[in-house]
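Please work through the two exercises below with the sequence and the model at hand, taking each solution step by step.

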Amino acid sequence: MFTEKSVGQHVREFIVENFLFNQERTFTDDDSFLGEGIVDSTGVLQLVTFLEETYGITVEDEDLTPENMDSVNSVAAFLSRKMNSVAGSVPLDQKTVPGGQL
Amino acid sequence: MCGISGIVELRGARVDREQLTDMIATLGHRGPDAQEIYTANGTGLAHARLSIIDLEGGRQPMSSADGQLWITFNGEIFNYVELREELIQKGHKFATRSDTEVILHLYQEEGENCVQHLNGQWAFAIWDAVRQKLFISRDRLGVRPLFYTRTSHSFLFASEIKALIACGEVTAELDLHALDQIFTFWVTLPPRTAFKNIQQLLPGHSLVLKNGEVRTWEYWRPEYAPECDRTEDGEDRLTEELLALMRDATRIRLRSDVPVGAYLSGGLDSTFITALTKSLVGDKLRTFSVGFDDPEFDESAYQREASAFLHTQHSDVRCTRADIAHVFPDVIWHTEQPILRTAPAPLYMLAKLVRENGFKVVLTGEGADETMGGYDIFKEAKIRRFWGRKPESHVRPLLLKRLYPYMDGIQRQPVAYLKKFFHVAPEDLASPFFSHLPRWELTARLKMFLSETVRAETQSSNDLSELERSLPSTYGSWSGFNQAEYLETMYLLPGYILSSQGDRMAMAHSVEGRYPFLDHRVVEFAAKLPPRLKMKVLDQKHLLKRAAHGLIPRSIQWRFKQPYRAPDGKSFFSGTRNCAQDMLSAEHIKRDSIFNPGSVAALVAKFESGRAISVKDDMAFVGILSTQILLEQFVHRRGARSTTWKQGAVPALPAGGDPWKPQPHPVRTH
């Protein structure tokens with residue numbers, strides 16, 4: 001079943017693979033992606049593409065704020081709100097993602 | 001235009017002629033028309049010639065009439081006609097019509113101060129037998145290269161590093177601090193080069209070797225004025241002055257005994273130069289350009305428009321992603337340093353096109369961005385500084401959307417993110433490098449790909465402090481705009497633009513570039529201009545656009561600036577096998593231990609997956625690949641170009657000879 005923690009873990013894996021290139025670097029779930037230099041200027045667009053393709057949501061322009069997209073926890077919380085507000089979308093626990101079933 | 005090299009034995013031994021011959025043989029691409037050497041006791045000079053002025057009389061190394069001075073010279077002295085006349089009036093007698101002989105006579109007259117009188121692009125060495133000293137000089141802006149090193153018993157210099165390695169006593173070893181600097185500034189901080197124990201002579205510097213001691217000094221640098229300077233002159237008058245200077249800078253750069261063509265990129269600078277050239281040479285002008293299949297980078301429509309407007313005979317070459325991957329190893333063979341962009345590759349193909357059309361000389365628009373306020377980094381800094389003065393403003397950061405209109409990744413970002421990326425910390429406003437901090441911080445993130453070993457070795461280096469120590473004492477009195485121009489002019493221009501994209505790509509195909517915007521009179525004029533006339537509000541190259549008015553199509557005069565770029569990392573994933581598969585294999589990465597194998601594999605996987613790629617990803621990929629190719633060619637193969645990658649020799653000129661004939665041994669010696 002979908003939980004913020006599992007989504008957070010998946011977002012974290014995406015960040016490590018795509019922006020840290022599998023290097024072991026510690027960052028907390030509240031660390032700022034931009035502030036810590038984890039994600040570069042265009043990285044947020046990659047993150048949005050990942051979220052849309054993986055979770056079948058549409059990220060609106062007004063959603064694109066650091067409050068929604070700048071840490072593991074903020075992304076997970078945003079996704080949770082988004083999923084709860086989207087009627088008829090495929091339940092997250094039935095989606096297959098690169099890391100396996102959530 | 002040529003290649004030069006030389007040896008001075010420091011303990012009085014005779015020069016090994018074979019060693020000198022091996023050195024100059026590596027520079028055949030710079031001078032395919034003749035290779036000659038001169039040796040006398042402990043000194044040897046060598047020259048590979050590309051004949052452009054005084055085709056018969058300009059052979060080198062050349063001596064003074066009394067045989068006391070010998071010179072080997074790469075470049076052109078554009079005001080040699082006037083200097084020759086002045087010297088004749090002082091009683092000097094000339095045996096040739098060459099600019100080379102003018103340097104010799106001027107040295108006799110003025111000594112080391114002779115360079116102050118030269119208007120041109122040069123790297124030359126004079127052996128002064130009377131004073132038993134070697135005098136070397138490099139032009140003001142660093143158009144022509146000059147490298148040097150020492151062995152246990154000798155001093156060696158050459159136009160390119162590969163010639164130093166060819167002497168057999170110099171080992172190429174990657175300088176990890178140089179790599180660290182490139183992964184911040186895009187260039188090494190001179191005199192550092194990519195290789196340990198090999199230095200470059202700085203632009204605007206001279207060197208003397210005497211009694212085994214090397215002394216270098218600066219004879220010129222651009223000196224910017226406080227903002228109030230020349231504000232008494234009206235914009236109209238300054239526009240006229242700029243136009244007159246540019247006409248003359250172009251006029252003397254057409255002095256040649258072979259035909260001169262022009263690059264036409266479709267932008268303001270090269271179209272302006274082409275227009276000035278056309279007004280001087282008429283309808284016979286040939287122009288050349290490169291176009292891309294990728295519409296994001298292609299400027300063919302503007303190139304055709306400019307050619308039609310100016311009635312030039314135009315030729316172009318199309319560049320695909322696969323082409324870039326195909327020529328890239330050869331490109332690195334010539335850049336002799338890691339690079340972060342593939343942009344030199346299409347220019348390599350363009351120079352080949354020029355050569356195939358029988359041309360040896362082209363005029364280009366290089367230098368305008370640095371001196372006339374053209375680069376986007378100047379606009380970026382202006383907006384950031386404006387915002388930084390009132391950081392709580394919600395309106396000022398909206399201007400960030402005016403940056404980089406050609407970059408979709410930037411344009412699609414909400415302002416909130418642009419604010420995060422271009423943020424201005426209070427301490428940044430006082431930094432001497434304010435304009436460049438976002439670029440350098442972004443580029444420095446490439447260091448995450450370095451291996452633990454390399455990071456441990458380079459972590460103590462403080463490149464910003466080193467750079468700050470090299471700044472002139474007056475730097476702090478200049479406006480932020482002029483400080484930014486200075487950094488571009490003194491570092492990126494010679495360290496990358498004029499070398500990796502300029503001299504090296506053109507000379508790879510025996511083609512000489514000439515740059516009217518880099519006439520020192522133009523640079524000095526521009527340095528005194530008020531910044532508000534270079535960038536009026538956010539209008540880049542404002543005064544230059546006014547000077548070009550009526551001479552070029554209006555659509556080109558007023559189009560937004562699109563910097564020259566090429567497809568980067570994706571070029572190596574277009575379906576054809578190329579150097580990246582070998583050079584970025586786990587085996588190669590582990591062998592050299594420069595980069596982290598796991599991270600490189602993840603980067604390659606990201607490209608292979610087709611996922612969105614960022615600017616940093618592109619720079620990392622090209623930076624890692626070029627470093628690995630450099631290691632392969634210069635360290636593991638000891639300067640021997642890979643035969644499996646070799647793309648072919650320089651093409652022969654179609655009419656009138658000048659065949660490319662590699663000459664491992666000189667045809668004439670003194």
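A salt bridge here is a side-chain nitrogen of Lys or Arg within 4 Å of a carboxyl oxygen of Asp or Glu. The model is predicted, so that local features need pLDDT of at least 70 and side-chain atom pairs count only at pLDDT 80 or more, while totals for chains, interfaces and linings use all residues. Residues are numbered from 1 along each chain as its sequence is written, chains are lettered from A in the order in which they are written, and side-chain values use heavy atoms, without hydrogens and water.

**Exercise 1.** Describe how domain 1 and domain 2 of chain B meet.

Solution. Begin with the bounds, which come from an automatic or database domain assignment: domain 1 covers 2–220 and domain 2 covers 235–372 + 488–558. Next, count the contact (heavy atoms within 4.5 Å), which takes 44 residues from domain 1 of chain B and 41 residues from domain 2 of chain B. Finally, count the salt bridges between these two domains, which number 7; the side chains of B:Arg514 and B:Glu76 meet in a salt bridge at 3.7 Å, N to O.

**Exercise 2.** Describe the contact between chain B and chain A.

Solution. Start with the residues in contact, 27 from chain B and 22 from chain A. Then take the buried area (accessible area, 1.4 Å probe, that two parts lose on being put together, summed over both), which is about 2,200 Å² for chain B and chain A, 59% of it on carbon and sulfur atoms. Last, look for salt bridges across this interface, where the rule finds 1, and note that the side chains of A:Glu17 and B:Arg611 meet in a salt bridge at 3.4 Å, N to O.
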